[in-house]
Structures are given as C-alpha cells and as structure tokens.
Amino acid sequence: MACRISELVIDCADPGRLAAFWSEVLGYVELGREDDGSIEIGPSGAGFGGPQPTLVLSPSSDPRPGKLRLHIDVNATDRDQDAELQRLLALGARRVDVGQTGTESWHVLADPEGNEFCLLRARLQPL
C-alpha cells in the first residue's frame, strides 16, 4: 500500500488573493472555506481525493522564515512555455532569481506573496 498526495497547504497572509491567483493558474475552482479563513481550491468536478491534489490556502501572520524547502512545478497544457509565461506574469506572477545560470529550460517565478514556483518547458496533456 502507498500514499498519495491529497492536498498541499500553503500558509499565506491573504488566502483570497492566493486562491484567486492559483485558481487562474491551475484552472481550479473554490471548493470550500473554513471558519479559520482557509480556502480550498481544486479541479472542478473532482475536488478532494481526485487525481490532482487540492490546494488549501491557510491564513497565517507568521513571517516566512526564508527560502521554501518545497516548491510547486507547473506545466502548460494548451500553449507553449513562452505563451504560458506571459499569461502567468499577467496574472501577477513575477520572475525570481534564485541563482539560475540562464541556460535552464524552466522559469523561476513567485506568486503574489513571494512563494517560488517553476514553469517547466514540457506541455502536458490535460486531465
């Protein structure tokens, strides 16, 4: 028997803002809100326990301690990497320098709260 990643929890200052950003990036919808202000987003029609993990944006006033030890990689499903990069930047992502050489096949970006993620080159089939 093995485990499966069911959800990823991201502590953030503004769950609504990040839920909107990541919903646009991933094509997710809001699945629910908790009394503590957490917002869960995920694939429409699948939700928690589906083939893709959901994201839970959890409110936190704790300052980020430094570079995250885990980050998200994303791949475009319906356009090439350059077009997807432009879309992500228009949504509020920004480029981040974490020591890249400039020869990488991916782009390092940050969401509106500064959480790093990478846009990889390969196009994936949508689920």
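**A buried glutamate, its partners and the surrounding fold**

Glu84 is buried, with a relative accessible area of 7%, where buried means under 20%, exposed over 50% and partly exposed in between, for a 1.4 Å probe and protein chains only. The model is a predicted one, in which local features need pLDDT of at least 70 and side-chain atom pairs count only at pLDDT 80 or more, while totals for chains, interfaces and linings use all residues. Residues are numbered from 1 along each chain as its sequence is written, and side-chain values use heavy atoms, with hydrogens and water left out.

Glu84 has its place in helix H2, where helices (H or I, at least four residues) and strands (E, at least two) are DSSP runs numbered from the N terminus. Once its neighbours within four places in sequence are set aside, Glu84 is in contact, meaning heavy atoms within 4.5 Å, with Val25, Ala76, Arg79 and Leu119.

One of these contacts, Arg79, also forms a salt bridge with Glu84, with the closest N and O atoms 3.2 Å apart; the term stands for a side-chain nitrogen of Lys or Arg within 4 Å of a carboxyl oxygen of Asp or Glu. Arg79 itself is partly exposed, at a relative accessible area of 27%. A salt bridge also joins Glu84 to Arg87, and here the closest N and O atoms are 2.9 Å apart. Arg87 and Glu84 both belong to helix H2, where they lie 3 residues apart, about one turn of the helix, and both of them are buried. With Asp78 included, the residues Asp78, Arg79, Glu84 and Arg87 are linked in a network of salt bridges.

The whole structure holds 4 salt bridges, and one of them joins Arg33 to Glu30, whose closest N and O atoms are 2.8 Å apart. Arg33 counts as exposed because its relative accessibility is 57%, whereas Glu30, with a relative accessible area of 43%, is partly exposed.

Leu57 can be followed in more detail: apart from its neighbours within four places in sequence, Leu57 is in contact with Ile10, Cys12, Pro15, Leu18, Ala19, Gly37, Ser38, Ile39 and Ile41.

The pairing of E5 with E8 is in the parallel sense and runs over 3 bridges. As a point to locate in the model, Asp73 stands opposite Cys118 in E8.

Key. Pairing = 2+ DSSP bridges.
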